[in-house]
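Thanks for asking me to look this one over. Below are my notes, kept to charged pairs and the strands around them.

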Amino acid sequence: MEESKKTGGFSKDRPKRKRPPRVNVNFGKKVKLEVCHHVYCMGDGAKYSYKRLQNELNLKDGETTEDGKVTIDKCGCLGHCKKGPNIKLTYTEENKEEVLEHMNAFKVGDMIKQYKDGRKK
(Lines give C-alpha, C1' and ligand atoms only; values in the text may rest on other atoms or scores of the structure.)
Protein backbone atom coordinates (compact mmCIF):
# COMPACT_ATOMS: atom_id res chain seq x y z
CA MET A 1 0.00 0.00 0.00
CA GLU A 2 1.29 3.46 -0.90
CA GLU A 3 2.32 5.92 1.80
CA SER A 4 -0.26 8.49 0.68
CA LYS A 5 -3.08 5.98 1.16
CA LYS A 6 -1.88 5.16 4.68
CA THR A 7 -1.91 8.80 5.75
CA GLY A 8 -5.18 9.67 4.08
CA GLY A 9 -3.54 11.49 1.18
CA PHE A 10 -1.62 13.95 3.33
CA SER A 11 2.12 13.92 3.70
CA LYS A 12 3.33 13.72 7.29
CA ASP A 13 6.31 15.94 6.59
CA ARG A 14 4.55 18.76 4.78
CA PRO A 15 5.74 22.23 5.73
CA LYS A 16 3.83 24.11 8.39
CA ARG A 17 2.03 27.27 7.36
CA LYS A 18 4.04 30.37 8.01
CA ARG A 19 2.48 33.40 9.60
CA PRO A 20 2.31 36.40 7.26
CA PRO A 21 5.03 39.02 7.76
CA ARG A 22 4.41 41.73 10.33
CA VAL A 23 3.18 45.07 9.08
CA ASN A 24 5.55 47.91 9.94
CA VAL A 25 3.88 51.24 10.52
CA ASN A 26 5.72 54.24 11.96
CA PHE A 27 3.39 55.28 14.76
CA GLY A 28 5.80 58.01 15.84
CA LYS A 29 4.02 60.16 13.29
CA LYS A 30 0.35 60.98 12.87
CA VAL A 31 -1.36 58.37 10.70
CA LYS A 32 -4.78 57.96 9.16
CA LEU A 33 -5.98 54.41 8.51
CA GLU A 34 -8.79 54.11 5.97
CA VAL A 35 -10.30 50.66 5.50
CA CYS A 36 -11.68 49.89 2.05
CA HIS A 37 -15.40 49.13 2.21
CA HIS A 38 -15.90 48.21 -1.44
CA VAL A 39 -17.68 44.96 -2.27
CA TYR A 40 -14.54 42.88 -2.87
CA CYS A 41 -12.73 43.94 0.30
CA MET A 42 -15.90 43.48 2.33
CA GLY A 43 -16.14 39.95 0.95
CA ASP A 44 -12.53 39.35 2.04
CA GLY A 45 -13.22 40.47 5.63
CA ALA A 46 -12.73 44.24 5.71
CA LYS A 47 -15.69 44.52 8.07
CA TYR A 48 -13.87 42.43 10.68
CA SER A 49 -10.62 44.37 10.23
CA TYR A 50 -12.47 47.65 10.73
CA LYS A 51 -14.36 46.33 13.77
CA ARG A 52 -11.08 45.24 15.33
CA LEU A 53 -9.61 48.71 14.80
CA GLN A 54 -12.69 50.29 16.36
CA ASN A 55 -12.83 47.95 19.35
CA GLU A 56 -9.13 47.90 20.22
CA LEU A 57 -8.64 51.65 19.81
CA ASN A 58 -12.09 52.60 21.21
CA LEU A 59 -12.85 54.78 18.18
CA LYS A 60 -15.78 55.39 15.86
CA ASP A 61 -15.79 56.54 12.23
CA GLY A 62 -13.45 59.49 11.71
CA GLU A 63 -12.30 59.69 15.34
CA THR A 64 -8.72 60.10 16.53
CA THR A 65 -6.97 58.50 19.51
CA GLU A 66 -6.39 60.60 22.64
CA ASP A 67 -2.71 61.06 21.82
CA GLY A 68 -3.65 62.38 18.36
CA LYS A 69 -1.55 59.77 16.54
CA VAL A 70 -4.14 57.51 14.86
CA THR A 71 -7.34 58.31 12.99
CA ILE A 72 -9.55 55.60 11.48
CA ASP A 73 -12.22 55.84 8.81
CA LYS A 74 -13.85 53.98 5.93
CA CYS A 75 -13.09 54.63 2.28
CA GLY A 76 -14.04 53.47 -1.19
CA CYS A 77 -12.15 51.20 -3.55
CA LEU A 78 -8.36 51.51 -3.45
CA GLY A 79 -7.77 49.59 -6.69
CA HIS A 80 -6.09 46.53 -5.15
CA CYS A 81 -9.19 44.33 -5.23
CA LYS A 82 -7.43 40.97 -5.64
CA LYS A 83 -5.29 41.66 -2.57
CA GLY A 84 -7.99 42.68 -0.09
CA PRO A 85 -8.90 43.60 2.49
CA ASN A 86 -6.91 46.79 1.98
CA ILE A 87 -6.11 49.70 4.27
CA LYS A 88 -4.85 53.06 3.04
CA LEU A 89 -2.18 54.38 5.39
CA THR A 90 -1.57 58.11 5.23
CA TYR A 91 1.20 59.84 7.18
CA THR A 92 -0.65 63.12 7.55
CA GLU A 93 2.37 65.31 8.39
CA GLU A 94 4.28 64.18 5.29
CA ASN A 95 1.22 63.68 3.06
CA LYS A 96 2.66 60.26 2.16
CA GLU A 97 0.29 57.38 1.32
CA GLU A 98 0.63 53.63 0.91
CA VAL A 99 -1.82 50.75 0.60
CA LEU A 100 -1.50 47.86 3.01
CA GLU A 101 -2.76 44.67 1.36
CA HIS A 102 -4.21 41.45 2.79
CA MET A 103 -5.02 43.25 6.06
CA ASN A 104 -7.17 40.66 7.78
CA ALA A 105 -8.15 40.99 11.44
CA PHE A 106 -5.00 39.14 12.57
CA LYS A 107 -2.66 41.55 10.78
CA VAL A 108 -4.68 44.48 12.11
CA GLY A 109 -4.20 43.02 15.60
CA ASP A 110 -0.43 42.90 15.06
CA MET A 111 -0.48 46.50 13.85
CA ILE A 112 -2.46 47.64 16.91
CA LYS A 113 -0.08 45.76 19.22
CA GLN A 114 2.81 47.58 17.57
CA TYR A 115 1.05 50.92 18.21
CA LYS A 116 0.29 50.09 21.86
CA ASP A 117 3.82 48.81 22.51
CA GLY A 118 5.23 52.07 21.11
CA ARG A 119 2.98 54.10 23.41
CA LYS A 120 4.31 52.34 26.53
CA LYS A 121 7.93 53.36 25.85
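1. A definition to begin with: a salt bridge here is a side-chain nitrogen of Lys or Arg within 4 Å of a carboxyl oxygen of Asp or Glu. Please keep in mind that this is a predicted model, where local features need pLDDT of at least 70, side-chain atom pairs count only at pLDDT 80 or more, and totals for chains, interfaces and linings use all residues. Residues are numbered from 1 along each chain as its sequence is written, and side-chain values use heavy atoms, with hydrogens and water left out.

2. The structure has 7 salt bridges. One of them joins Lys88 to Glu34, with 3.4 Å between the closest N and O atoms. Since Lys88 belongs to strand β3 and Glu34 to strand β1, the pair ties together parts that are 54 residues apart in sequence. Strands here are DSSP runs (E, at least two residues) and helices likewise (H or I, at least four), numbered from the N terminus.

3. Are these two partners buried or exposed? Lys88 counts as buried at 19% relative accessibility, and Glu34 counts as buried at 11%. The cut-offs are under 20% relative accessible area for buried, over 50% for exposed, and partly exposed in between (1.4 Å probe, protein chains only).

4. Strand β3 deserves a paragraph of its own. With 5 of its 5 residues buried, β3 is largely enclosed by the rest of the structure. Ile87, Leu89 and Tyr91 point one way from β3, while Lys88 and Thr90 point the other way.

5. Which strands pair with β3? β1 and β3 run antiparallel, paired over 5 bridges, and β3 and β4 are likewise antiparallel over 5 bridges. Strands count as paired if DSSP finds at least two bridges between them. Leu89 in β3 is the bridge partner of Leu33, and Leu89 also stands opposite Glu98 in β4. Tyr91, in turn, stands opposite Lys96 in β4. The hairpin of β3 and β4 has 4 residues between the strands, and there Asn95 takes a positive phi near 55°.

6. Another salt bridge brings together the side chains of Lys29 and Glu94, at 2.4 Å from N to O. Lys29 sits in the loop between α1 (3–6) and β1 (31–36), and Glu94 in the loop between β3 (87–91) and β4 (96–100), so far as sequence goes 65 residues apart. Lys29 is partly exposed at a relative accessible area of 27%, and Glu94 is partly exposed at 41%.

7. Finally, Lys74 and Asp61 form a salt bridge, their closest N and O atoms being 3.8 Å apart. Lys74 lies in strand β2 (residues 70–75) and Asp61 in the loop between α3 (46–57) and β2, 13 residues apart. Both are partly exposed, with relative accessible areas of 39% for Lys74 and 42% for Asp61.
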